[in-house]
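Student: Hi! I'd like to get to know this protein a bit before class. Can you go through it with me?
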Amino acid sequence: MAQRQDDKHSSKQKPEILSTDIVAQSRLFKIEQLELMFSNGEQRTYERMRGSGRGAVMIIACPDAEHFYLIREYCAGTHDYQLGFPKGLIDPGEDILTAANRELKEEIGFGAQRFVQLKSLALAPGYFNATMHIVLAFDLYAQSLEGDEPEPLELVPWARKNSEALLQQADFTEARSVAALLLAQQYLEANPDVFKQTA
């Protein structure tokens with residue numbers, strides 16, 4: 001009898017962490033060096049960027065059945081403006097949905113009465129131990145909170161039927177936003193009645 005893939009995964013023995021050291025850090029990042037021993041006796045040194053452990057949220061906010069909201073903001077890593085979905089870190093004491101609602105209010109000036117959690121994504125798991133939770137938001141209402149952005153974010157409404165065109169946009173390149181778009185489209189096509197529900 002064939003072993004299921006998730007059974008194989010759960011029975012795989014993780015390497016033993018022999019030691020950990022912070023080898024570099026800045027105001028935002030810590031680089032951690034791990035000395036590992038694998039189950040076959042092989043020893044290796046790995047480095048990873050240590051996250052806060054809190055995780056982050058990315059939100060696809062749907063004002064109606066035909067549209068969703070994007071933002072355009074400056075990204076220091078690529079030194080350009082990128083189109084993507086609202087996102088941010090989960091603050092201490094917040095759960096995923098509380099953080100999602102706060103980020104919406106800070107970044108697009110709307111809150112939401114209903115949420116659907118789609119999937120939690122790992123970000124470069126070979127090097128980074130952070131998680132991004134992808135969330136759909138419905139039944140929006142106007143409410144703003146002050147965020148920490150250095151300049152106002154550009155709110156960009158987008159028609160769902162034009163999702164293919166969005167994938168071709170030169171400034172829509174962030175992998176997390178691309179994954180969120182595909183996950184949202186898959187869910188909304190399979191659950192069209194979600195827009196008829198109420199909080």
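Student: What pattern does the protein follow, read along the sequence?

Tutor: Keep in mind that this is a predicted model. Read along the sequence, the pattern is α-β-β-β-β-β-β-β-α-β-β-β-α-α. That comes to 4 helices and 10 strands.

Student: Ok, and what box do the C-alpha atoms fill?

Tutor: Taken along the principal axes, the box is roughly 55 × 50 × 35 Å. The protein has 199 residues, and 34% of them count as buried.

Student: What share of the contacts with a separation of 6 or more comes from residues 24 or more positions apart?

Tutor: Such residues account for 58% of those contacts.

Student: Let's look at strands. How do E2 and E3 pair, parallel or antiparallel?

Tutor: Strand E2 (residues 30-37) and strand E3 (residues 43-50) are antiparallel, with 8 bridges between them. As one example of residues facing each other, lysine 30 stands opposite arginine 50 in E3.

Student: And what about the turn, how many residues are between the strands of that hairpin?

Tutor: There are 5 residues between E2 and E3, and in this hairpin glycine 41 takes a positive phi near 90°.

Student: Changing topic: how many residues does the largest nonpolar core have?

Tutor: The largest nonpolar core has 26 residues. Those with the most contacts inside this core are Ile60, Phe68, Leu70, Phe85, Ile134, Leu136 and Leu166.

Student: Which elements give two or more residues to this core?

Tutor: They are strands E4 (56-61), E5 (67-75), E8 (110-122), E9 (131-142) and E10 (154-159), along with helix H4. H4 provides the largest share of this core, 5 residues. Apart from this core lies another one, of 14 residues, and among them are Ile71, Ala100, Ala112 and Val135.

Student: Now a charged one. Is glutamate 73 buried or exposed?

Tutor: Glutamate 73 lies in strand E5. Its relative accessible area is 16%, and buried means under 20%, so glutamate 73 is buried.

Student: What does the side chain of glutamate 73 make a polar contact with?

Tutor: Its partner is the side chain of lysine 87, at 2.8 Å. Not counting residues up to four places away in sequence, glutamate 73 touches Asp80, Tyr81, Gln82, Lys87 and Leu153.

Student: Which residues line the largest cavity?

Tutor: Glu73 and Lys87 are both in that lining, together with Ile71, Cys75, Gln82, Leu83, Gly84 and Glu174. The volume of the largest cavity is about 40 Å³. E5 and strand E6 (80-84) are the elements that give two or more residues to its lining.

Student: You listed Glu174 there. Where is glutamate 174 found?

Tutor: Glutamate 174 is in the loop between helix H3 (163-168) and H4. With a relative accessible area of 18%, glutamate 174 is buried. Not counting residues up to four places away in sequence, glutamate 174 touches Met58, Gln82 and Lys87.

Student: And pockets? How much space lies in the largest pocket?

Tutor: About 1500 Å³. The largest pocket is lined by 39 residues, and Phe29, Lys87, Gly88, Leu89 and Arg176 lie nearest its centre. The largest share of the lining, 4 residues, comes from helix H2.

Key
Residues are numbered from 1 along each chain as its sequence is written. This is a predicted model: local features need pLDDT of at least 70, side-chain atom pairs count only at pLDDT 80 or more; totals for chains, interfaces and linings use all residues. Side-chain values use heavy atoms; hydrogens and water are left out. Two strands pair if DSSP finds at least two bridges between them. A nonpolar core is a set of buried Ala, Val, Leu, Ile, Met, Phe, Trp, Tyr and Cys residues joined through side-chain atoms within 4.5 Å. Buried means under 20% relative accessible area, exposed over 50%, partly exposed in between (1.4 Å probe, protein chains only). A polar contact is a pair of N or O atoms within 3.5 Å; within protein, one must be able to donate a hydrogen and the other to accept it, and residues adjacent in sequence count only if both atoms are side-chain atoms. Contact means heavy atoms within 4.5 Å. On a 1 Å grid over the protein atoms alone, a cavity is a set of points where a 1.4 Å probe fits but cannot get out, and a pocket is an open set with protein on both sides within 12 Å along at least five of seven lines; lining residues have an atom within 4 Å of a point. Grid points are joined across faces, edges and corners, and a volume is the space filled by probe spheres set on the points.
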